[in-house]
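Here are my notes on the model, as numbered points. Please read them with the structure open.

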Amino acid sequence: MNSMDFSMMQAIRKLLGPNTLKYGGIVYTSIITFLLLFPFTHMPKVDMPSFDKIGHVLIFVLLVLIWLLFDLLRTTSGRLRGFRILIFAFIYGIVIEVLQGMFFVSRTADVWDVVANTTGILLGWIVFNRVKKVFIPKN
């Protein structure tokens with residue numbers, strides 16, 4: 001690795017520090033909660049098969065990636081709680097679907113959304129395992 005690559009990695013680590021990821025994760029989770037629960041009645045329809053499911057996958061990839069990276073950077077014991085984050089994301093996705101079905105007339109619960117969310121969670125875990133080396137501080 002040349003010095004430019006090394007300095008680029010340091011800049012990325014500094015930019016995506018624990019506080020940035022923590023507050024970014026809180027804001028992102030709040031925004032997607034609102035978007036997934038808010039009854040959009042005047043939204044234009046996208047005429048693309050499975051567009052909604054692709055959106056769910058991408059939303060959950062980013063959700064899991066943010067929280068796993070935060071956990072990685074704040075953990076000093078070297079012990080990640082990644083499994084807990086994955087379980088929480090899975091339960092969160094189910095709760096969102098149940099709330100959509102119970103409280104919103106213009107929204108419906110969909111088991112395929114849960115499948116898409118779970119796919120996003122698993123892809124987020126895979127992406128995390130590929131990029132986490134960039135974020136591990138070297139002594």
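1. D71 sits in helix 3. (Helices are DSSP runs of H or I, at least four residues; strands are E runs of at least two; both are numbered from the N terminus.) D71 counts as buried because its relative accessibility is 2%. (Buried means under 20% relative accessible area, exposed over 50%, partly exposed in between, with a 1.4 Å probe and protein chains only.) Its side chain forms a salt bridge with R74, the closest N and O atoms being 3.4 Å apart. (A salt bridge is a side-chain nitrogen of Lys or Arg within 4 Å of a carboxyl oxygen of Asp or Glu.) D71 and R74 are 3 residues apart in helix 3, so about one helical turn separates them. R74 is partly exposed, at 40% relative accessibility.

2. A word on the source. This is a predicted model: local features need pLDDT of at least 70, side-chain atom pairs count only at pLDDT 80 or more, and totals for chains, interfaces and linings use all residues. Residues are numbered from 1 along each chain as its sequence is written, and side-chain values use heavy atoms, with hydrogens and water left out.

3. What is the overall pattern along the sequence? The protein reads α-α-α-α-α, with 5 helices and 0 strands. It has 139 residues, and 31% of them count as buried. (Areas come from the Shrake-Rupley method with a 1.4 Å probe; for residues, only the protein chains shown count as cover.) Among contacts with a separation of 6 or more, 78% join residues 24 or more positions apart. (Contact means heavy atoms within 4.5 Å.)

4. The structure holds 4 salt bridges. K53 and D110 form one, at 2.8 Å from N to O. This pair links distant parts of the chain: K53 is in helix 3, D110 is in the loop between helix 4 and helix 5, and they are 57 residues apart. K53 is partly exposed at 22%, and D110 is partly exposed at 23%. D113 also bridges to K53, with the closest N and O atoms 2.7 Å apart. D113 lies in helix 5 and K53 in helix 3, so this pair ties together parts 60 residues apart in sequence. D113 is buried, at 5% relative accessibility. D52, K53, D110 and D113 are linked in a network of salt bridges.

5. Which side chains does H56 meet in polar contacts? The side chain of D113 is one partner, at 3.5 Å. The side chain of N117 is another, at 2.8 Å. (A polar contact is a pair of N or O atoms within 3.5 Å; within protein, one must be able to donate a hydrogen and the other to accept it, and residues adjacent in sequence count only if both atoms are side-chain atoms.) H56 lies in helix 3, residues 51-74. H56 is buried because its relative accessibility is 4%. Leaving out residues up to four places away in sequence, H56 touches L36, E97, D113, A116 and N117.

6. L36 belongs to helix 2. L36 is buried, with a relative accessible area of 7%. Beyond four places in sequence, L36 is in contact with H56, I96, Q100 and R107. L36 and E97 are 61 residues apart in sequence and 8.5 Å apart in space, C-alpha to C-alpha.

7. The largest nonpolar core has 23 residues, and L63 and L69 have the most contacts inside it. (Such a core is a set of buried Ala, Val, Leu, Ile, Met, Phe, Trp, Tyr and Cys residues joined through side-chain atoms within 4.5 Å.) Helix 2 (18-37), helix 3, helix 4 (82-103) and helix 5 each supply at least two residues of this core. Helix 3 gives the most, with 10 residues.

8. The structure holds 5 aromatic pairs. The rings of W67 and F70 have centres 5.7 Å apart and planes at 90°, so this pair is edge-to-face. (Rings of Phe, Tyr and Trp, its six-membered ring, pair if their centres lie within 6.5 Å; planes under 30 degrees apart count as stacked, over 60 as edge-to-face and the rest as tilted.) F60, F88 and Y92 form one aromatic cluster.
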